[in-house]
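Dear colleague,

I am handing over the structure below, and after it I set out what was found in it. Please read the notes with the sequence and the model side by side.

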Amino acid sequence: MVTYSCGVSDDDRVFKALADPTRRFLLDLLFARDGRTLTELESELEMTRFGVMKHLRVLEEANLVVTRRSGREKLHFLNRVPIREIHDRWIDKYTEPHVTALVELKDHLEGKS
Amino acid sequence: MSTDTQVYRVFINAPAQAIWDAITTPEISRQYGYRAIADYDLRPGGAYAGRADADMQAFGMPETVVDGEVIEADPPHKLVQTWRFLWSDEIKAEGPTRLTWEIKEQPGGVCSLTLTHELAGAPLHAEQVAGAIEGAGGGWAYVLSDLKTLLETGKCLPGA
């Protein structure tokens, strides 16, 4: 369960969740094909079922993965909203002018403008 | 529910009723996301329309951008409806998709809003709502994070 208290940003949980190659791989798997079971995800990894469950729990706590029941199966879905929030908070505000400047510089150096 | 389903969840520091109103009333729905004006007849079988404002129409959008039908309305917790984009013959032809809005109170006065969009047989809809089209906004993730910003701060995302 995601806990949420006033003044504490969920960004910490998202960054922590993303700071692990296995968890990023799990997100990539769900990006490629959403709505997978634990068994399906586990088959893509050299890891015990329990290990995969632990990683999925961290992703769920960061709200990056949402699970839904479908009959007897529990399906895992990639939730793009926290990534969007990180984008709005960190990329748009601080980085985009610099990125634009670098892209323009690159274009200029490559003689495109 | 299948791999053609997309799920979005956001935690919003607002009462369930405020979130419900933001989704279902024209005055609030025009203040976030793509600014479409929601027009709901909140009864099973009632019509839904997402209407374009003057700016959107000037941008080439039809007067009604989205249509659909209310399947279940249980305010302020659950709304099930169909959803069909109308801006091209191709996208219209995909037919209605199914959308479920669920609002749940969480500990600490916060609510979760979970949006489940069932998109089997509707690849153009899926692409649009996933935010995968360049220059066509960020899809549901953009709409929900803008909704959160509006309800928590009274402001919309910059540049929107």
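A place to begin is A:Asn63, which sits in the loop between α4 (49–61) and β1 (65–70) of chain A; helices (H or I, at least four residues) and strands (E, at least two) are DSSP runs, numbered from the N terminus. Although A:Asn63 is not a glycine, its phi is positive, at about 65°. A:Asn63 is buried, because 22 other C-beta atoms lie within 10 Å, where buried stands for 20 or more other C-beta atoms within 10 Å of a residue's own, exposed for 12 or fewer, and partly exposed for what lies in between, with C-beta atoms placed from the backbone.

Before going further, please note that this is a predicted model, in which local features need pLDDT of at least 70 and side-chain atom pairs count only at pLDDT 80 or more, while totals for chains, interfaces and linings use all residues. Residues are numbered from 1 along each chain as its sequence is written, and chains are lettered from A and ligands numbered from 1 in the order in which they are written.

On confidence, the model scores ipTM 0.72 and pTM 0.81. Chain B averages a pLDDT (the predictor's confidence in each residue, from 0 to 100) of 91, with 95% of its residues scoring at least 70, and chain A averages 84, with 81% of its residues scoring at least 70. Within chain A, the lowest confidence is in helix α5 (residues 81–109), at a mean of 75, and the highest is in α4(A), at 96. Over residues 1–8 of chain A the pLDDT is below 50, and beyond near neighbours in sequence this stretch has 10 contacts in the model, a contact being a pair of residues whose C-beta atoms, placed from the backbone, lie within 7 Å.

Chain A has 5 helices and 2 strands, and from the N terminus on its elements run α-α-α-α-β-β-α. Of its 113 residues, 25% count as buried, and residues 24 or more positions apart account for 52% of the chain A contacts with a separation of 6 or more.

Where the two chains meet, the contact takes 22 residues from chain B and 19 residues from chain A. On the chain B side, β1 (5–12), β7 (110–118) and α6 (139–153) each supply at least two residues, and the largest share, 7 residues, comes from β1(B). That side of chain B divides into 10 nonpolar, 11 polar and 1 charged; here Ala, Val, Leu, Ile, Met, Phe, Trp, Tyr, Cys and Pro count as nonpolar, Asp, Glu, Lys and Arg as charged, and the others, Gly among them, as polar.

β1(B) runs antiparallel to β7(B), and 8 bridges join the two, where strands pair if DSSP finds at least two bridges between them. In this pairing B:Ile12 stands opposite B:Cys111 in β7(B).

Not counting residues up to four places away in sequence, B:Leu113 touches B:Arg9, B:Val10, B:Ile12, B:Ile19, B:Trp101, B:Ile103 and B:Leu144.

Some loop residues of chain B remain. B:Arg35, in the loop between α2 (26–29) and β2 (37–40) of chain B, has a positive phi of about 70° although it is not a glycine, and B:Arg35 is partly exposed, with 16 other C-beta atoms within 10 Å. B:Pro76 is found in the loop between β4 (64–74) and β5 (78–85) of chain B, and the peptide bond that leads from B:Pro75 to B:Pro76 is cis, with omega near -5°. B:Glu63, in the loop between α3 (54–58) and β4 of chain B, is exposed, with 11 other C-beta atoms within 10 Å.

With best wishes
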